[in-house]
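Here is a set of questions and answers for a reader who is new to this structure. Each answer works through a few steps and ends on what was asked.

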Amino acid sequence: MILDFFSLALKNLKHRGIRSWLTLLGIFIGVTAVVSLISLGNGLQMAVASQLGVSANELITVQAGGLSAYGPPGSNVVDSLTQGDVDAIERLSSVENAVRRNIDSGRIEFNDNVIFRYVGSVPNNKEDRDLIYEQLNMEVLLGRFIKEGDSGKVVLGYNFYGKKEDWGGKSITPGKTISINDKNFQVIGITDKVGSMMMDNIVIMNENDMKDLYGFEDKADMIIVEPKNKEKLQKTKEDIEKLLRNRRGVKEGEEDFEVSTPEATLSTVNNIIGGVQIFIAIVAFISVFIGIIGIVNTMTTSVLERKKEIGIMKSVGAKNSHIFFQFFIESSLLGLVGGIVGAIFGTLIGFLGTVGMNNFLGTELTISINFLLIFFTLLGSFLIGGIAGIIPAMQAAKQNPVEALKG
Amino acid sequence: MRKEDEKVVIELKGVCKYYRMGDNIVRAVDGASLKINEGDFVAIMGPSGSGKSTMMNLIGSLDVPTKGKIFLDGEDISTFSESDLAQLRGKKIGFIFQSFNLINNLTAKENVMIPMIFQGHDLEDRNFRANKLMQLVQLTDRMHHSPGELSGGQQQRVAIARSLANSPEVILADEPTGNLDTKTGATVMDFLEDLNKKGKTIIMVTHDPDLAKAHADTVYWLKDGKIEKITKKKNGWDKGPRGVLIKPKEKK
């Protein structure tokens, strides 16, 4: 009998057409928000993290200024870090090794195409260089990495090889020659895809080559620090901060530099995403609430409009419980349909968002449809619809048949 | 006509129905008693305001009396719960209304199937029976149409089919021809006559004395909530006895 009520309810909802659809708008928006949020959530976190260059290593990064989304680290900074700072940090008891890195922008020319890309240095010393490779978390796909004494040679990010449309249809492979700021360099390696726009587009060369090319002396755009004891990352960080405050003559709280640990960066990322998630959760909550009110409203109107129908049903033998269930199921179905449409749109948004991130940010996220999530979302919207329908359904059930028949 | 061993389907004993309307109490039905036997064709006659609608609601167990007792198939309906009464009503009484009262977003056939849902018949049963009934009212070709696509006469025939859905003993028709022209009204009455010949008890409520006299065996004349007189069809109305006035108080 319950099944009959389902089919009756469906017919009624269909009959009311546009009004049914408008009613489930609230539930629809709420579910869309929840589903898209959750399917995008993990991807969003990975995308933001990879853009900020967070990797799972335990190295400390020191920059003048701070984390900046614009321009390479250390650029646009008046009072930059120097080789002296590097040496001083390295002398700290809690520090194992400190390595200077320089990053600048370069005019890259290949196959008559010109593109501006970041150029980063790696140190001459093998131990220091390994530290940088660890920090960059990069592996070579083709060829090899820069070695000691490599002069006039560069390793390029994946996109130089993978996005041949940038270079007039020609892939850059090891052995080819490119021109950087009008000076020729031989490509010896291509790194594997990282999924970060910056890392996949970078040019890596020896520190000496970089010095010659850009003519800087002492400036360090970034200092990578390896702590002696990886368990005491925080302590090392504080030591460096204290040292740099003294050297640069700034007070605590007014630092014009930033010492960041992977955890700190990761927690920044999580804070950003957490904020977004809370916002979307609030939107979802409000829409579901509006959705409930909408359903209550529609169902109450529907009870009034269908008073006569209730009377007819009662005159042909419907018990109060039959009438109750008919309206209750109708209301639950309204919720469920809203949930289904919302889940479809939410998944679609999650999918498009992921594709978008992959295309624009160069990440390699895959979307997986979380069936458990969808199941619970649908169950939830079905129940919400039902709850919203309880009072109207009770009103319908207790109609006096004689009065109801009058319409 | 009435024999002692005939089965009484509906009996009203001193039934009153009072409504409060502002400060006044309206005595819509005021002490009505009657017995309707199985197979009777009964008309309840009266001008508007005579209480015939209330009477029909009481007979159809849609309403409960303020005073008095109503027996449906020998059972006192005041002892039934609201839900049990609904079940009883669905099983024993088929309603036909002046304004057809079909559900518009269902097809004709689905309308006929509705009463069967509430008696718990499965889909196969319902299909089979609805097809038969649509055939009976000669609307097989229109059964997948919605009521809005049918003429008044056709709608009333669907309503007749619906009233028969659970094979009730009693068909309760409230002004069944009220919304129809003379010709289609006659067709509908033919159906009711036919059903009566097949043994169904028909109770028709009407304000039209000609209709009542033309079809009913017994006519209860209602005035101000009271049964004023009862006339019986005996070889034509004109010469027959004018019936006896029954006062509820006198009845034991």
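Two strands pair if DSSP finds at least two bridges between them. The model discussed here is predicted.

Q: How many bridges join S3(A) to strand S12 of chain A?
A: Strand S12 of chain A covers residues 222–227, and S3(A) runs antiparallel to it. The number of bridges that join S3(A) to S12(A) is 6.

Q: Are H10(A) and H13(A) roughly parallel or roughly antiparallel to each other?
A: Helix H10 of chain A (residues 262–305) and helix H13 of chain A (residues 371–397) have axes 9 Å apart and pack at an angle of about 25°. Angles under 35 degrees count as roughly parallel. H10(A) and H13(A) are therefore roughly parallel.

Q: How many nonpolar residues does the contact of H10(A) with H13(A) have?
A: The crossing of these two helices, H10(A) and H13(A), is right-handed. Residues of H10(A) in the contact include A:Val288, A:Ile292 and A:Met299, and among those of H13(A) are A:Ile384, A:Gly385 and A:Pro392. By class, the contact of H10(A) with H13(A) has no charged residues and 4 polar ones, and its nonpolar residues number 11.

Q: Which elements give two or more residues to the side of chain A that touches chain B?
A: The contact takes 18 residues from chain A and 22 residues from chain B. The elements of chain A that give two or more residues to this side are helix H1 (2–16), helix H11 (307–315), helix H12 (320–361) and helix H14 (401–406).

Q: How many charged residues has the side of chain A that touches chain B?
A: Chain A gives 18 residues to the contact. By class, the side of chain A that touches chain B has 6 nonpolar and 7 polar residues, and its charged residues number 5.

Q: Which strands of chain B stand at the edges, each with a single partner strand?
A: The open sheet of chain B has 4 strands in the order S2-S1-S4-S5, with antiparallel pairing. A strand with a single partner strand has one side left without a neighbour in the sheet, so the edges are strand S2 (24–37) and strand S5 (75–76) of chain B.

Q: What is the bridge partner of B:Leu72 in S5(B)?
A: S4(B) and S5(B) run antiparallel and are joined by 2 bridges. In S5(B), the bridge partner of B:Leu72 is B:Glu75.

Q: What angle does the direction of H1(B) make with that of S2(B)?
A: H1(B) packs on the sheet of chain B. There H1(B) touches strand S1 (8–21), S2 and S4 of chain B. The direction of H1(B) makes with that of S2(B) an angle of about 55°.

Q: Is B:Ser61 buried or exposed?
A: B:Ser61 lies in the loop between helix H1 (52–59) and strand S4 (67–72) of chain B. Its phi is near 55°, a positive value in a residue other than glycine. A residue is buried if 20 or more other C-beta atoms lie within 10 Å of its own. With 21 C-beta neighbours inside 10 Å, B:Ser61 counts as buried.

Q: How many residues of H3(B) are buried?
A: H3(B) (residues 108–118) packs with H5(B) (residues 152–163) at an angle of about 30°. Among the residues of H3(B) that meet H5(B) are B:Asn111 and B:Val112, and both are buried. H3(B) is mostly covered, and its buried residues number 11 of 11.

Definitions and conventions
Residues are numbered from 1 along each chain as its sequence is written. Chains are lettered from A and ligands numbered from 1 in the order in which they are written. This is a predicted model: local features need pLDDT of at least 70, side-chain atom pairs count only at pLDDT 80 or more; totals for chains, interfaces and linings use all residues. Axes are lines fitted to C-alpha atoms, for helices over the stretch in contact, and angles run from 0 to 180 degrees between N-to-C directions. Angles under 35 degrees count as roughly parallel, over 145 as roughly antiparallel, 65 to 115 as roughly perpendicular and the rest as oblique. A crossing is left-handed if the near helix is turned anticlockwise from the far one by less than a right angle, and right-handed if clockwise. Two residues are in contact if their C-beta atoms, placed from the backbone, lie within 7 Å. Ala, Val, Leu, Ile, Met, Phe, Trp, Tyr, Cys and Pro count as nonpolar, Asp, Glu, Lys and Arg as charged, and the others, Gly among them, as polar. A residue is buried if 20 or more other C-beta atoms lie within 10 Å of its own, exposed if 12 or fewer, and partly exposed in between; C-beta atoms are placed from the backbone.
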